[in-house]
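Hello,

Here is the structure I promised to pass on to you. Have a look at it first, and then read my notes below.

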Amino acid sequence: MTTNILPLLPIMIPFFSGIIMLFVGKRPIAHRVIAAISGLLLIFSALWLIIEVYQNGTMVTFLGNWAAPFGISLVIDMAAALLVTTTAIITFFTIIYSFQTIGIERENYYYYVMIMFMITGINGAFSTGDIFNMFVFFEVFLLASYVLITLGGTKIQLQEGFKYIVVNIISSNFFVLGLAYLYSVTGSLNMADISNKLAGFDGSFSIMSLVAVVFLFVFATKAGVFPLYFWLPGSYYAPPMPVLILFGALLTKVGVYAIARTYSLFFMDNTAFTHQMLLFLALITIVMGCIGALSFSDMKKVIIYNIIIAVGIILVGIAMMDESGMLGAMYYLIHDMIIKAALFMLVGFLIYRTGQTNADRLGGLIKEHPVVGWMFFLAALALAGVPPLSGFYGKLFIVQSTFENGQYVAGIIVLASSLVVLYSVVSLFIKAFWGEDMDFTTLRPVKSDKILFASIAMVIVSIAFGLAADVLYPLFEMAAQSFYDPSSYSEYITEVE
Amino acid sequence: MEIITIVLAGILIGSAVYLMLSKSVIRIIIGTAVMSHGVHLMFLTMGQLKRGNIPVLDDDVSNYADPLPQALILTAIVIAFALTAYTLVLALRSYRELGTDNVEEMKGVPHDD
């Protein structure tokens, strides 16, 4: 039993850099430098974590050296390490992207500080092994996101931010309620310990199905699953583009991760009810997201509805809860975080350049920005899952898993949704980059070197991830194993005793 | 004793839902605060309400009280307090900017002047 500092680094680096920025005061340039450096440090520490976990298996740190079921433990398995790494990459490039897009006013009022605190909470939620600690980290990133969504105080931000906050406060209250039920049933808060206790119990816990519904209500609200995604399109539309990148790429995915964790560790007793419910909701989520994505020509709205479709597809893989299903869910989760960030960055560039969010008013931009146009096209193909780009592998494994389990309807809906995704994003590409030329004199002169650097870098990361999917397969196999085989996640408890 | 507090928690959450369904922003915020109280009371009850026992697990003590729920709701109370404070400030600011505290009027896409 040792206290290893390495699993703590993804939480401590953004936390301390946020505090340092608070002490530096309203100096935007200093904030930029500190934020970029800590973003780089985050990437390096996360990559180091992946190497360590790959060589030595799951890393566990006991805070304050309290032994496992009693104290708080940080458990970094391969899934957490991969998610932390993706978060770090997206954070770094979003910070670079923010330099020229967020505006000096918001930078003065501690924008980067809030980003750092939000990353603290997100990394904490990914790496904690204690369910109450997960609630606390959820609150950490939610509080920072409340500030980010309202920072700037424009009318739409205040209006939609208020709704976002109320919805999330309600679901957080239900999180505490679910924790109360879980604690009264199991008498423990350590996730691995709860899993062991439930696995060792002979009878059937019908109360655990109730707890599963409460937890699904909580995490589905954060992840944007039908019928609880109603707040998402309105609220995500409000904040400025860099904040939207972080929200769309990271926040909903934390909810999805939490569903995967709790449904693999706690609710394996009555999968005929819990996982079927999850599958059913995931499929309706995909259909609803498709309807939304087809019905708008506003670029932001289309991509926001694509977030909802992606959440549904990942949840189909999680609901299958077998090897290929979880493998696909992990591939698609990482893919979707990267590609959503890339697409939002490119759309953000178009919005900043033209001042329009409606794709119908654009046209012929390929003459002005050929590189952006073809990057957008590549990102659209990757989003829909055209091989060999990154979305293909996740969908392949998920569809394979649905057909293996006899859920043909689920497989067909996932496949059909790919067509809708491709149509919705490629129609944006056609409207914006082809067609009749818009009036190029109305284009705004923007300094765009850092915006383009960040966007193109994200697309390249996505393409590299797609091409390297074969090399990365052992990592994803390890990551999926801790979900479909919960005992591999919770074995560190028995090592302690 | 547990039955009484569970019923009380139910009443608190029920009145919180009533408050949150109203149109006034302030009532919604009070509703979220009341709801957090109900939930915390529920959590406290889940650790069993036993009086006069020491909160330590020791070989000599057979009937000990569970201190963990109290420690947990202390954390949750602090978070709920911070959230209520933040939402109240936000309500004031949005009343000044939007000129309304009626959520019925807070829809559509408003434009900055």
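I began with Ile318(A), and if you leave out residues up to four places away in sequence, Ile318(A) touches Ile259(A), Ala260(A), Tyr263(A), Leu278(A), Met326(A) and Ala329(A). Please keep in mind that this is a predicted model.

Ile318(A) also turns up in the largest nonpolar core, which has 216 residues. The members that touch the most other members are Leu315(A), Val316(A), Ile318(A), Met330(A), Ala341(A), Leu346(A) and Ala379(A). Helix H14 of chain A, residues 323-354, gives the most to this core, with 20 residues.

On confidence, the predictor assigns the complex an ipTM of 0.92 and a pTM of 0.93. Chain A has an average pLDDT of 89, and 98% of the residues score at least 70. Among its elements, H5(A) has the highest mean pLDDT (94), and helix H20 of chain A (residues 486-496) has the lowest (78). For chain B the average is 86, with 93% of the residues at 70 or above. Among the elements of chain B, helix H1 (residues 2-20) has the highest mean pLDDT (93), and helix H3 (residues 68-98) the lowest (90).

Next, the place where the two chains meet. How many residues does each chain bring to the contact? Chain A brings 24 residues and chain B brings 26 residues. On the side of chain A that touches chain B, helix H6 (131-150) and helix H7 (155-186) each supply at least two residues. The largest share of that side, 16 residues, belongs to H7(A). Sorted by class, the side of chain A that touches chain B holds 15 nonpolar, 7 polar and 2 charged residues.

Helix H1 of chain A covers residues 9-24, which is 16 residues. From its first C-alpha to its last, H1(A) reaches 22 Å, close to the 22 Å expected at 1.5 Å a residue. Which residues of H1(A) are buried? They are Pro10(A), Ile11(A), Ile13(A), Pro14(A), Phe15(A), Ser17(A), Gly18(A) and Met21(A). These buried residues pack against helix H2 (28-56), helix H3 (78-101) and helix H5 (111-127) of chain A. After H1(A) comes Gly25(A), with a positive phi near 90 degrees.

Asp130(A) sits in the loop between H5 and H6 of chain A. Asp130(A) counts as buried because it has 24 C-beta neighbours inside 10 Å. Leaving aside neighbours within four places in sequence, Asp130(A) is in contact with Ile72(A), Ser73(A), Leu189(A), Asn190(A) and Met191(A).

A few backbone details are worth a look too. Most residues other than glycine have a negative phi, and most peptide bonds are trans. Against that background, Tyr110(A) has a positive phi of about 65 degrees although it is not a glycine. Tyr110(A) is in the loop between helix H4 (104-108) and H5 of chain A. Is Tyr110(A) buried or partly exposed? Tyr110(A) is partly exposed, because 19 other C-beta atoms lie within 10 Å. Met321(A) also has a positive phi, near 55 degrees, and is a residue other than glycine. Met321(A) belongs to the loop between helix H13 (299-320) and H14 of chain A. Met321(A) is buried, because 24 other C-beta atoms lie within 10 Å.

There are cis peptide bonds to find as well. One joins Phe226(A) and Pro227(A), with omega about 0 degrees, and Pro227(A) lies in the loop between helix H9 (206-223) and helix H10 (232-237) of chain A. The bond from Pro387(A) to Pro388(A) is cis too, with omega near 5 degrees. Pro388(A) is in the loop between helix H15 (370-384) and helix H16 (391-404) of chain A.

Last, chain B and its record. An unreviewed UniProt entry lists residues 6-21, 28-49 and 69-92 of chain B under "transmembrane region". In the model, residues 6-21 of chain B are 94% helix and 0% strand, with end C-alpha atoms 23 Å apart. Residues 69-92 of chain B are 100% helix and 0% strand, and their end C-alpha atoms lie 34 Å apart.

Best wishes

How values were computed:
Residues are numbered from 1 along each chain as its sequence is written. Chains are lettered from A and ligands numbered from 1 in the order in which they are written. This is a predicted model: local features need pLDDT of at least 70, side-chain atom pairs count only at pLDDT 80 or more; totals for chains, interfaces and linings use all residues. Two residues are in contact if their C-beta atoms, placed from the backbone, lie within 7 Å. Helices (H or I, at least four residues) and strands (E, at least two) are DSSP runs, numbered from the N terminus. Ala, Val, Leu, Ile, Met, Phe, Trp, Tyr, Cys and Pro count as nonpolar, Asp, Glu, Lys and Arg as charged, and the others, Gly among them, as polar. A nonpolar core is a set of buried Ala, Val, Leu, Ile, Met, Phe, Trp, Tyr and Cys residues joined through C-beta atoms within 7 Å. A residue is buried if 20 or more other C-beta atoms lie within 10 Å of its own, exposed if 12 or fewer, and partly exposed in between; C-beta atoms are placed from the backbone. The expected span of a helix is 1.5 Å times one less than its number of residues. UniProt positions are given in the numbering used here, feature names are shortened, and annotations may be inferred rather than shown by experiment. pLDDT is the predictor's confidence in each residue, from 0 to 100.
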